[in-house]
Amino acid sequence: MREPILLTPGPLTTTLKTKTAMLSDWGSWDAAFNELTASVCADLLAIAHAQEDHVCVPLQGSGTFAVEAAIGTLLPRTGKLLVLVNGAYGKRMARAVEVMGRQVAILEFAENAPVDAAAVARRLAQEPAITHVGVIHCETSTGVLNPLADIARVVAAQGKRLIIDAMSSFGALDIDARELQFDALVASSNKCLEGVPGMGIIIARRAALVESLGNSHSLSMDLHDQYVYMQKTGQWRFTPPTHVVAALRAALDQYHAEGGQPGRLARYQANYQMLVTGLARLGLTPFLARDDQAPIIVTFHAPEHPDYDFRALYEAVRERGFVLYPGKLTEVETFRVGCIGAINEAEIGQAVAAIGEGLNQLGWL
Ligand SMILES: *Cc1c(COP(=O)(O)O)cnc(C)c1O
C-alpha cells in the first residue's frame with residue numbers, strides 16, 4: 001500500500017530521499033551540523049537572489065512562528081503595520097500584531113480578488129503613522145496571487161517598509177530581491193521547497209535587522225538575537241530541529257536537480273493544469289478567475305447537491321489514497337486541492353479519478 005498523497009499546502013508529500021535524510025542524529029554543537037545549517041541558509045538566500053543585502057535567519061517552529069518573529073523583530077514598538085487582507089492568512093498576520101500589542105491597521109479586500117496596489121498607495125498617503133506594510137504573496141486560504149511587485153513599488157515609493165509572507169510561494173514563484181524592495185520575506189521548510197515541517201525561514205534586509213536590536217517582545221522569537229548568535233557561533237540559539245534541517249538539505253539538492261525555481265514552477269503548473277481540466281470534466285469549477293490564481297492550491301466550488309458534506313467527500317477520497325483540504329470561506333461552500341509537493345501529473349490524474357469515484361459513490365455526480 002502506498003502512503004496517502006497529501007493534496008494539502010504543507011505538510012505535503014515528500015520524496016523518499018527527503019524522508020531518509022532524517023535517519024541520522026545530529027549533535028547541535030557538531031561542526032558538521034553547523035555546516036549543514038550554513039549551506040541551507042546560503043541556498044535559501046540564492047533562491048531569492050538576496051546574497052548582496054540580505055541575510056537568512058532560520059527559526060524553529062511552523063510558518064506562523066516565523067511571521068510573528070519577523071514582525072516582532074522588525075516592526076519597532078512605536079511602529080504601525082498596515083496589513084493587506086484578502087484571506088485568512090492576512091487576518092492571522094493582523095492578529096499577531098494585535099497580540100504583541102503593537103499598532104496595526106487593516107486594509108481589506110474581497111477574498112476572490114487580488115490586493116489592489118493603487119488602494120494601498122491611497123491608504124498610505126492618508127495615514128502617515130503607518131511605518132510598515134504586511135502582505136501575503138499567495139493567500140493560501142483561496143489560492144489568490146497578490147501583485148507583489150506592484151505593492152512593493154508603492155510601499156517603497158512612500159518610504160515604507162515591506163514584510164512579505166511568501167510561505168506558500170517561495171521556491172515556486174519568482175521572487176528576486178534585486179528587483180523587489182523588502183525588509184523581510186518569510187517562508188517555511190514544508191511548502192514549495194518540499195521539506196518536512198518544523199523550520200521557518202526569514203530573509204531579512206541586513207541593515208533593517210541590524211537596526212532592530214531591542215524591538216522584540218519575545219526571547220525565543222527575537223531574530224536579531226538568533227542572527228547575532230548564529231554569526232558568532234554557527235549555532236542556533238536553543239535546540240535546533242536537526243532532522244528538519246537535514247531533510248531540507250536533501251530537499252534543496254533535489255530542488256536544484258529539478259532546475260531550481262523555473263523547474264519547480266513548471267511541474268506545479270502542469271499539476272495545476274491537469275487538476276483543473278480533470279475536475280472540470282466532473283463539473284467542478286474553480287472559485288477564482290484564472291488570471292488571479294497561483295498554481296499552488298486551487299479552491300473549487302463544492303458539488304451542488306443538497307446532501308453535500310466535505311467530511312464524506314474527504315473520507316471517500318481518503319479511502320482511495322488522497323488527502324483533500326477543506327475550504328476556508330464562510331460564504332461559499334468550497335474545498336481545496338493542492339498542486340504542490342513531490343507529486344506530478346500522474347498522481348494528479350489519479351487524484352482526479354479518485355475524486356470522481358468518490359463523488360459517484362456518494363451519488364453527487
Ligand atoms: C502555511 C502558511 C502559513 C503558516 O502556517 P503554519 O500552519 O504556521 O505553518 C502562513 N502563511 C501562509 C500564506 C501559508 O500558506
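Trainee: Is the crossing of α11 and α12 left-handed or right-handed?

Mentor: Right-handed. That term means the near helix is turned clockwise from the far one by less than a right angle; anticlockwise is left-handed. Helices (H or I, at least four residues) and strands (E, at least two) are DSSP runs, numbered from the N terminus. This is a predicted model: local features need pLDDT of at least 70, side-chain atom pairs count only at pLDDT 80 or more, and totals for chains, interfaces and linings use all residues. Residues are numbered from 1 along each chain as its sequence is written, and side-chain values use heavy atoms, with hydrogens and water left out.

Trainee: At what angle do α11 and α12 pack, and how far apart are their axes?

Mentor: Two packed helices are described by the angle between their axes and the distance between the axes. Here α11 (residues 310-318) and α12 (residues 345-362) pack at about 125 degrees, with axes 8 Å apart. Axes are fitted to C-alpha atoms, for helices over the stretch in contact; angles run from 0 to 180 degrees between N-to-C directions. The pair is therefore oblique. Under 35 degrees is roughly parallel, over 145 roughly antiparallel, 65 to 115 roughly perpendicular, and the rest oblique.

Trainee: Which residues of α11 and α12 meet?

Mentor: From α11, Ala312, Leu313, Ala316 and Val317. From α12, Ala354, Ile355, Gly358, Leu359, Gln361 and Leu362. By class, that gives eight nonpolar, two polar and no charged residues. Contact means heavy atoms within 4.5 Å. Ala, Val, Leu, Ile, Met, Phe, Trp, Tyr, Cys and Pro are nonpolar; Asp, Glu, Lys and Arg are charged; the others, Gly among them, are polar.

Trainee: At what angle do the axes of α10 and α12 cross?

Mentor: At roughly 20 degrees, with the axes coming within 9 Å. So α10 is roughly parallel to α12. The crossing is right-handed. Ala270, Asn271, Met274, Leu275, Gly278 and Leu279 of α10 meet Glu345, Ile348, Gly349, Val352 and Ile355 of α12. Seven of these residues are nonpolar, three polar and one charged. Ile355 also belongs to the α12 side of the contact with α11.

Trainee: What is the order of strands in the open sheet of seven?

Mentor: β2-β10-β9-β8-β5-β3-β4, with mixed pairing. Strands pair if DSSP finds at least two bridges between them. The edges are β2 (54-60) and β4 (103-108); each has a single partner strand, so one side of each lacks a neighbour in the sheet. Neighbouring strands are turned by 20 degrees against each other on average, direction ignored.

Trainee: Which helices pack on that sheet?

Mentor: Helix α5 (residues 117-126) touches β3 (80-85), β4 and β5, and its direction makes about 145 degrees with that of β4. Helix α6 (residues 148-157) touches β3, β5 and β8, at about 155 degrees to β8.

Trainee: In which sense do β5 and β8 pair?

Mentor: Parallel, over five bridges between β5 (residues 132-136) and β8 (residues 161-165). For example, Val135 has Ile164 in β8 as its bridge partner.

Trainee: Which strands form the open sheet of three?

Mentor: β11-β14-β13, in that order, with antiparallel pairing. The edge strands β11 (297-301) and β13 (325-326) each pair on one side only. β13 and β14 (residues 334-338) share two bridges. Tyr325 is partnered by Arg336 in β14. Helix α10 (residues 260-281) lies across β11 and β14, at about 10 degrees to β11.
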